[in-house]
Amino acid sequence: MDAVGQARRLIDYRPGHPVISLYMNLDPERFATPPARASQIRSLVDQARRDLEAQVGLTHDDLVTLRADIQRIDEFLSSTQAPFKGARALAVFCSGQAGLFEVLQLSRPTEARVVIGPAPFVEPLVPALEARRWLVALVSRREGRVLEGPADGLREGARLEDFVRGKHEQGGWSQANYERSIEKDTEDHLRRVAEAVNRLWRTERFHRLAVGGPSEIVPRLEAHLAGDVRPNLIAERVAVDLSSAGEEQIRRAVAKLVAEDEKRTEREALDRLEAGIGSGGRGAGGPHDTVMALNERRVEILMLEPGKDLRGFRCPACGLLALESDGHCPADGSEMEEFDHLTEAVVEAALAQGGEVMVVHHYPDLGPLQGIGAVLRF
């Protein structure tokens with residue numbers, strides 16, 4: 001199961017026993033060395049022990065098992081088993097009583113934290129849910145590479161190197177016949193690359209399709225894409241010459257394209273939010289109005305600013321959320337439960353009603369709205 005599938009399953013997981021959720025930051029600029037990681041592990045484990053002893057309402061069995069869970073996490077992260085390589089953050093979820101021990105590699109750095117609660121703390125997993133899967137085709141006259149996966153984890157889906165004649169191979173051919181042969185070789189090569197793209201797009205789930213290569217070659221590749229595939233192309237092209245580019249240059253070129261796509265997607269959603277709030281229609285701004293829209297199951301896109309959070313209340317019976325409470329649910333009279341992380345609760349509520357969750361990284365528009373807003377379905 002990929003990271004997105006694991007994240008969605010954990011969001012819905014309610015084991016009936018306390019769960020320790022630990023997030024370890026593996027930002028290479030800060031935690032690239034073993035001593036730096038060891039210091040962070042010690043800090044997180046010490047924090048978990050302090051938080052556990054401060055918990056109220058736990059049974060003796062809960063306390064004993066959770067202490068063992070913390071020790072298990074400590075031993076795992078301090079061992080050679082911990083999958084630090086290739087990750088920008090690590091999430092560990094542990095509940096001995098529920099038979100849960102799960103580790104996820106995250107593709108973006110996240111704040112180091114530990115949370116003990118009735119369910120996995122999943123708010124930092126939102127970037128995994130946001131991650132779009134890309135299909136990228138890079139071509140030259142002789143080569144073709146098809147890359148697939150999330151933007152920061154692209155892998156080779158296909159690599160094609162076809163025989164296309166060069167000038168030194170003309171031999172006794174007439175100039176006209178020789179040039180036609182070169183063009184046919186090139187066209188056959190581009191057709192094969194396009195067929196690989198068409199096949200992958202139809203058999204796997206992708207959100208974006210991009211191509212790159214010489215300006216005189218790329219339109220010919222696009223012409224061979226199937227009618228149901230071509231409309232998914234983004235307008236920008238990957239600025240890379242496959243015949244001379246190394247892996248790092250390709251990575252940087254794709255990363256630049258992805259960043260521009262993220263900014264454009266955020267801007268479009270923020271413009272929809274502003275228009276919806278301004279017209280009093282399909283937009284909710286600020287914690288109060290956004291929570292109300294979630295309770296009414298109207299949210300299409302929940303938008304969050306990184307690092308913002310509030311306390312709140314939730315009805316254990318119907319799931320209604322509130323920023324304030326007199327102690328009882330206004331819908332069914334059940335006793336409301338107070339929680340520390342509103343962001344966690346609104347993410348769960350949005351996903352439960354089929355909404356999208358977007359963390360806005362590139363624009364400050366959510367600041368005046370206390371870091372939260374929503375585009376509404378109706």
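In this predicted model, W134 stands opposite G149 in strand β6, where strands are DSSP runs of E with at least two residues and helices are runs of H or I with at least four, numbered from the N terminus. Strand β5 (residues 133-139) pairs with β6 in the antiparallel sense over seven bridges, pairing being assigned if DSSP finds at least two bridges between two strands. The two strands, β5 and β6, form a hairpin with three residues between them, and seven of the eight residues of β6 (residues 143-150) are buried (buried is under 20% relative accessible area, exposed over 50%, partly exposed in between, with a 1.4 Å probe and protein chains only).

Residues are numbered from 1 along each chain as its sequence is written, and side-chain values use heavy atoms, with hydrogens and water left out. Because the model is predicted, local features need pLDDT of at least 70 and side-chain atom pairs count only at pLDDT 80 or more, whereas totals for chains, interfaces and linings use all residues.

The structure holds 31 salt bridges, each a side-chain nitrogen of Lys or Arg within 4 Å of a carboxyl oxygen of Asp or Glu. R133, E148, R155 and E204 are linked in a network of such bridges.

In helix α7 (residues 247-278), E248 and R251 lie three residues apart, about one turn of the helix, and their closest N and O atoms are 2.6 Å apart. E248 also meets R252 in a salt bridge at 3.7 Å, N to O; R252 and E248 are separated by about one helical turn because they are four residues apart in helix α7. E248 is partly exposed, with a relative accessible area of 41%.
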